[in-house]
Every structure is written in C-alpha cells, then in structure tokens.
Amino acid sequence: MSHGTHHHASHEHQHSSGCGHKAVQHGDHVDYLHEGHLHREDGQQYNECRIEATAANPAQCTPKHACADHAKDHQHGAQCGHEAVPHGDHVDYLVGGHLHHPHGTHCDDHGPLRVVA
C-alpha cells in the first residue's frame with residue numbers, strides 16, 4: 001500500500017465524517033476522495049495516497065467484466081459522475097463498490113474499494 005509522498009501543507013478543507021467527500025478504507029486508515037485524489041490526514045497536513053496494484057486490487061485486463069451499475073455505453077471521465085481513484089500507475093473510477101478502469105470498449109474490474117462514509 002502506498003501512502004504517498006506528496007503533502008498538502010495548506011489544504012484548507014478539513015476532511016471528516018460528513019464533510020461531503022467520500023471516505024474509503026485504505027489498509028489501516030481512511031482516505032478521502034477529493035477531486036481525483038486520495039487524501040489522508042497526517043497531523044497538520046494531508047498526504048496523497050494511491051491504491052496499490054495487488055491481488056485484491058489488480059491492474060490487469062478483465063474483458064468479461066459485466067457490471068450492472070452503469071449503462072454498457074457509459075464513458076468514464078472527468079464529468080461522468082463517478083469518483084476518480086488513483087490506482088497503481090493509472091486512474092480508476094469507483095462504481096458500485098469496486099474500481100473500474102476504462103479500457104477500449106469495456107471496463108476492467110480492478111477490485112473492491114470499501115466506502116466507509
């Protein structure tokens with residue numbers, strides 16, 4: 001699991017339960033999804049996190065993934081309505097409790113991500 005090395009020393013927003021950002025379980029801590037970033041509070045600053053590519057959250061192609069949580073012709077992107085999540089060396093989208101990675105004409109299933117608030 002990568003906890004990131006980028007810090008936001010002057011992050012003006014205080015993440016917490018009910019702050020308006022989705023909280024997700026990431027290993028032994030909670031991260032907040034914020035404009036395509038995963039933020040983890042660390043004292044007076046926020047660290048950037050990424051979901052590491054692992055057996056639980058793989059990064060490979062799964063062309064037979066069938067998801068009923070969005071239309072087959074749905075296009076993931078900046079304005080698609082799904083939260084962007086940094087995963088490995090790319091960006092996935094949180095859909096129905098799991099990570100979707102747009103790949104050609106299908107979405108790959110990159111494993112679960114548990115929303116906690």
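Biologist: How many disulfides does the count come to in this chain?
Modeller: The model is predicted, and a disulfide here needs two cysteine sulfur atoms within 2.5 Å. The sulfur of C67 has its closest cysteine sulfur in C107, 7.6 Å away, which is too far for a bond. By this rule the count of disulfides is zero.

Biologist: Is C61 buried, partly exposed or exposed?
Modeller: Buried means under 20% relative accessible area and exposed means over 50%, with partly exposed in between. The relative accessible area of C61 is 37%, so C61 is partly exposed.

Biologist: How many helices and how many strands does the chain have?
Modeller: From the N terminus on, the elements run β-β-β-β-β-β-β-β-β. The secondary structure therefore comes to zero helices and nine strands.

Biologist: Which residue in the turn between strand 3 and strand 4 has a positive phi?
Modeller: Strand 3 covers residues 29–34 and strand 4 covers residues 37–42, and the two pair in the antiparallel sense over three bridges. They form a hairpin with two residues between them. Most residues other than glycine have a negative phi. The residue in the turn with a positive phi, about 50 degrees, is E35.

Biologist: Is E35 buried or exposed?
Modeller: E35 lies in the loop between strand 3 and strand 4. Exposed means over 50% relative accessible area. At 68% relative accessibility, E35 is therefore exposed.

Biologist: Which residue of strand 4 is the bridge partner of Y32?
Modeller: Strand 3 spans residues 29–34 and pairs with strand 4 in the antiparallel sense. In strand 4, the bridge partner of Y32 is H39.

Biologist: Which residue of strand 5 is the bridge partner of L38?
Modeller: Strand 4 and strand 5 (residues 45–49) run antiparallel and are joined by five bridges. In strand 5, the partner of L38 is C49.

Biologist: Which strands stand at the edges of the open sheet of four strands?
Modeller: The order of this sheet is 6-7-8-9, with antiparallel pairing. Each edge strand has a single partner strand, so one side of it is left without a neighbour in the sheet; the edges are strand 6 (83–87) and strand 9.

Biologist: What does the twist average from one strand to the next in the sheet with the order 6-7-8-9?
Modeller: The sheet is open and has four strands with antiparallel pairing. From one strand to the next, the twist averages 40 degrees.

Biologist: Which strand supplies the largest share of the lining of the largest pocket?
Modeller: The largest pocket is lined by 18 residues, with H70, K72, T105, H106 and C107 nearest its centre. Strand 8 (98–103) and strand 9 (106–112) each supply at least two residues of the lining. The largest share, three residues, comes from strand 8.

Biologist: What percentage of the residues in the chain is buried?
Modeller: A residue counts as buried under 20% relative accessible area. Of the 117 residues in the chain, the buried ones make up 36%.

Technical notes: Residues numbered from 1 in each chain as written. Predicted model: local features only at pLDDT ≥ 70, side-chain atom pairs only at ≥ 80, totals over all residues. Heavy atoms only, no water. Pairing = 2+ DSSP bridges. 1 Å grid on protein atoms, 1.4 Å probe; cavity = no way out; pocket = protein on both sides within 12 Å on 5 of 7 lines; lining within 4 Å. Axes fitted to C-alpha atoms, helices over the stretch in contact; angles between N-to-C directions. Buried < 20%, exposed > 50% of the residue type's maximum accessible area, 1.4 Å probe, protein only.
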